[in-house]
Amino acid sequence: WLADTLKRYDFSHINLHGKADDLSDEAVEALMVPWRRDLQELIEDNGITAGTMYKADQTGLFYQTLPNSLYVKEIEKKKYAGTKGMKGKIRVTGMICT
């Protein structure tokens with residue numbers, strides 16, 4: 001119902017920050033081949049076992065920041081073209097290991 005209401009009143013969705021293009025699967029694989037080879041050599045050279053390897057991921061929560069998209073009237077859309085809001089730098093970061 002929200003999409004219909006926005007369309008009825010001539011609102012359009014825009015992104016303020018923009019998005020980077022995705023890589024194709026072939027491009028990702030081409031980038032990963034040398035990395036995998038170097039990692040395997042490092043593991044073999046240092047005698048690293050599976051029991052000493054950990055998986056880690058970093059996550060962050062941005063707060064006190066502006067939204068990266070909004071809804072504007074279709075006729076006002078050109079006013080916002082190319083506008084990029086300032087990204088907030090205030091965040092909490094956590095590291096999770098398994």
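# Close-up views of a predicted model

**View 1. Helix α2, end to end.** Helix α2 covers residues 25-46, and its 22 residues should span 32 Å at 1.5 Å a residue; the end C-alpha atoms lie 31 Å apart, which agrees. The expected span is 1.5 Å times one less than the number of residues. Helices (H or I, at least four residues) and strands (E, at least two) are DSSP runs, numbered from the N terminus. The model is predicted: local features need pLDDT of at least 70, side-chain atom pairs count only at pLDDT 80 or more, and totals for chains, interfaces and linings use all residues. Residues are numbered from 1 along each chain as its sequence is written, and side-chain values use heavy atoms, with hydrogens and water left out.

View 2. At methionine 32, α2 has a kink of about 30 degrees. The kink comes shortly before proline 34. The bend at a residue is the angle between axes fitted to the seven residues ending there and the seven starting there. Just after α2 comes glycine 47, with a positive phi of about 60 degrees.

**View 3. The salt bridge.** How many salt bridges does a search of the whole structure find? It finds one. Arginine 36 and glutamate 29 form it through their side chains, at 2.9 Å from N to O. The term requires a side-chain nitrogen of Lys or Arg within 4 Å of a carboxyl oxygen of Asp or Glu. Arginine 36 counts as partly exposed, at 41% relative accessibility. Glutamate 29 is partly exposed too, with a relative accessible area of 39%. The classes are buried (under 20% relative accessible area), exposed (over 50%) and partly exposed (in between), with a 1.4 Å probe and protein chains only.

**View 4. A nonpolar surface patch.** Trp35, Leu39, Leu42, Ile48 and Met53 make up this patch, and together they have about 450 Å² of accessible area. Patch residues have over 30% relative accessible area and no salt bridge; like charges are joined within 9 Å, nonpolar side chains (Val, Leu, Ile, Met, Phe, Trp, Tyr) within 5 Å. Areas come from the Shrake-Rupley method with a 1.4 Å probe; for residues, only the protein chains shown count as cover. Leucine 39 sits in helix α2. Its relative accessible area is 32%, so leucine 39 is partly exposed.

**View 5. Strands β2 and β4.** β2 (residues 56-62) and β4 (residues 91-97) run antiparallel, joined by seven bridges. Two strands pair if DSSP finds at least two bridges between them. Alanine 56 has cysteine 97 of β4 as its bridge partner. None of the seven residues of β2 is buried, so the strand lies largely in the open. Glutamine 58, in β2, is exposed at 53% relative accessibility. Its C-alpha atom is 8.9 Å from that of cysteine 97, 39 residues away along the chain. Threonine 93 belongs to β4 and is partly exposed at 41%. Threonine 93 and threonine 59 are 34 residues apart in sequence, yet 5.8 Å apart in space, C-alpha to C-alpha.

**View 6. Aspartate 10 and the overall layout.** Aspartate 10 lies in the loop between α1 (2-8) and β1 (11-15). Its phi is near 60 degrees, a positive value in a residue other than glycine. Aspartate 10 is partly exposed, with a relative accessible area of 38%. The protein has two helices and four strands, in the order α-β-α-β-β-β from the N terminus. Of its 98 residues, 8% are buried.
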